[in-house]
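Subject: Structure handover

Hi,

Here is the structure I promised to pass on. Please open it alongside this email; my notes follow below.

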Amino acid sequence: MKSHTFRPVDIPLDDSWDVIVVGGGPTGCTAATAAAREGAKTLLLEASGILGGSGTGALVPAWCPFSDKEKIIYRGLAETVFNRCKKGQPHVKADALDWVAIDPERLKRVYDELVTEAGATILFHTALASVERDENGEVSTIIVNNKRGLSALKAKTYVDCSGDADLCAWAGTDFEKGDKSGKMMPATLCFTLANVDEYAYKNIYFNLAAEWPDSPIYKILASGKFPLILDSHINNKHIGPGLVGFNAGHVWDVDNTDPASVSKALVLGRKIAAQFRDALAEFCPEAFANSFLIMTGSVMGIRETRRIVGDYSITFNDYIERRSFEDEICRNSYFIDIHSAREEAAKNFAQLEKLDTKSFRYGKGESHGIPYRSLIPKGLRNVLVAGRSVSCDRIVQGSVRVMPVCLAMGEAAGMAAAHAAMKYAGDVRAVDVPHLRARLKEEGGYLP
């Protein structure tokens with residue numbers, strides 16, 4: 001590839017921030033909220049025009065479980081977001097905790113209000129463009145791009161909530177990506193069907209999901225009429241009047257750190273969504289004959305890319321042993337949810353979902369801790385990472401990547417970043433972890 005050298009140029013610099021959070025998904029929203037709540041002057045950068053990531057832009061139709069099958073364990077700001085979103089959905093039971101439908105438009109406003117009420121500043125349509133790091137492992141400045149062109153921003157502490165560990169990778173820290181060969185879980189472009197007959201959907205086709213042996217998805221696959229529907233992944237949820245949201249289908253070989261790869265995937269994902277509409281109209285006519293495809297996600301549903309190499313990596317043994325840590329900042333009870341490679345799907349589509357959903361599941365009341373050290377990237381002094389890019393074994397990433405635990409991690413990271421900025425000259429390793437844990441508990445966090 002040819003290279004181009006920029007001529008020396010002066011760009012505007014804003015060095016007034018205590019904490020800058022990169023990425024306005026669920027993790028970034030709670031990180032920015034928590035940092036601002038602690039009194040830090042906080043900026044949240046988001047490359048799109050909406051907050052919320054998976055639950056809004058990507059149209060994921062339901063929350064993963066908020067409970068350990070006994071009680072809610074993703075508390076604090078996570079519980080606040082969950083309850084505010086659920087409050088505006090009259091068809092959702094007030095005490096529902098697991099696989100609750102998401103109203104994406106309402107959730108956008110929930111995140112807007114959460115972040116701004118705490119006093120953080122949001123900058124939409126602003127993408128990270130470059131990272132400058134000094135010889136001591138401190139990120140000194142970040143360069144961002146928006147309609148004003150390039151500008152420089154400087155903070156005492158940064159929180160990387162980009163989902164892909166962009167800030168860390170561009171600062172030169174080590175990371176892992178996918179499995180040993182570099183293959184990653186497939187992506188999904190979620191979509192919404194409107195004008196669905198609710199009675200038929202709820203009473204005739206309540207068993208669309210692949211774990212039901214008589215799910216229509218198997219007839220759809222066997223027909224061979226819809227060549228872009230390649231496996232039995234068809235999670236779905238009633239999200240509003242006549243509206244059913246789908247987390248369905250897979251797009252393989254997508255790398256969210258490669259714009260060309262994602263661009264192709266979005267084009268293909270929209271075609272897949274259209275085939276699902278047509279397939280459901282043919283095989284489930286009572287519910288879907290008059291439905292129409294009202295919307296696909298504005299962003300791909302990405303399950304994995306980079307994972308940082310941190311001060312501690314959460315291991316598979318930690319997960320299996322339900323391990324607790326002295327420095328844990330939240331708990332997690334979600335099962336290990338690995339979406340399989342294309343080769344496995346091609347072997348036997350009827351077995352794929354069994355492989356995916358019968359992974360490793362906890363019993364009632366069981367969970368494991370997420371240590372603060374797994375949020376600290378090796379080699380960087382003033383940066384924390386939260387979300388699906390934390391330091392962990394690849395198999396564990398299949399559990400910690402989902403929204404409820406990301407919300408909880410984000411709150412802890414934002415609070416720690418504020419403490420580091422205001423008390424420890426930005427040094428995230430100098431944070432008083434017992435005090436951090438005490439503050440998280442004061443704000444409602446679940447740390448038994």
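V9 sits in the segment before strand 1 (13-22). Keep in mind that this is a predicted model. V9 is also part of a surface feature: together with I11 and L150, V9 makes a nonpolar patch of about 220 Å².

**Helix 2 and helix 3**

Start with the pair formed by helix 2 (residues 77-87) and helix 3 (residues 104-118). Their axes are 9 Å apart, and the packing angle is about 140°. Helix 2 is therefore oblique to helix 3. The cut-off matters here, because only angles over 145 degrees count as roughly antiparallel. The crossing of helix 2 past helix 3 is right-handed.

On the helix 2 side, the contact uses L77, T80, V81, R84, C85 and K87. Helix 3 contributes R106, L107, V110, Y111, E113, L114 and E117.

Two of these residues deserve a second look. Side chains of opposite charge can pair when their charged atoms come close. R84 and E117 form a salt bridge, with 3.4 Å between the closest N and O atoms. The pair links distant parts of the chain: R84 belongs to helix 2, E117 to helix 3, and they are 33 residues apart. Across the whole structure, the search finds 26 salt bridges.

**Helix 1 and helix 13**

The next pair is helix 1 (residues 26-37) with helix 13 (residues 403-423). Here the axes come within 7 Å and cross at roughly 30°. Helix 1 passes helix 13 in a right-handed crossing.

The residues in contact are as follows:

- From helix 1: P26, T27, T30, A31, A34, A35 and R37.
- From helix 13: M403, C406, L407, G410, E411, G414, M415 and A418.

**Backbone points to check**

Which residues other than glycine have a positive phi? K69 is one of them, with phi near 75°. K69 lies in the loop between strand 2 (42-45) and helix 2. R322 is another, with phi near 55°. Its place is the loop between helix 9 (316-320) and strand 13 (328-332).

**In short**

For a quick tour, begin at the nonpolar patch of V9, I11 and L150. Move on to the R84 and E117 salt bridge. Then view the crossing of helix 1 and helix 13. Finish at the positive phi of K69 and that of R322.

Best wishes

Definitions and conventions. Residues numbered from 1 in each chain as written. Predicted model: local features only at pLDDT ≥ 70, side-chain atom pairs only at ≥ 80, totals over all residues. Heavy atoms only, no water. Patch = residues over 30% accessible without salt bridge, like charges linked within 9 Å, V, L, I, M, F, W, Y side chains within 5 Å. Areas by Shrake-Rupley, 256 points an atom, 1.4 Å probe, with all protein chains shown as cover. Salt bridge = Lys/Arg side-chain N within 4 Å of Asp/Glu carboxyl O. Helix = DSSP H or I, 4+ residues; strand = E, 2+ residues; numbered from the N terminus. Axes fitted to C-alpha atoms, helices over the stretch in contact; angles between N-to-C directions. Parallel < 35°, antiparallel > 145°, perpendicular 65-115°, else oblique. Left-handed = near helix turned anticlockwise from the far one by under 90°. Contact = heavy atoms within 4.5 Å.
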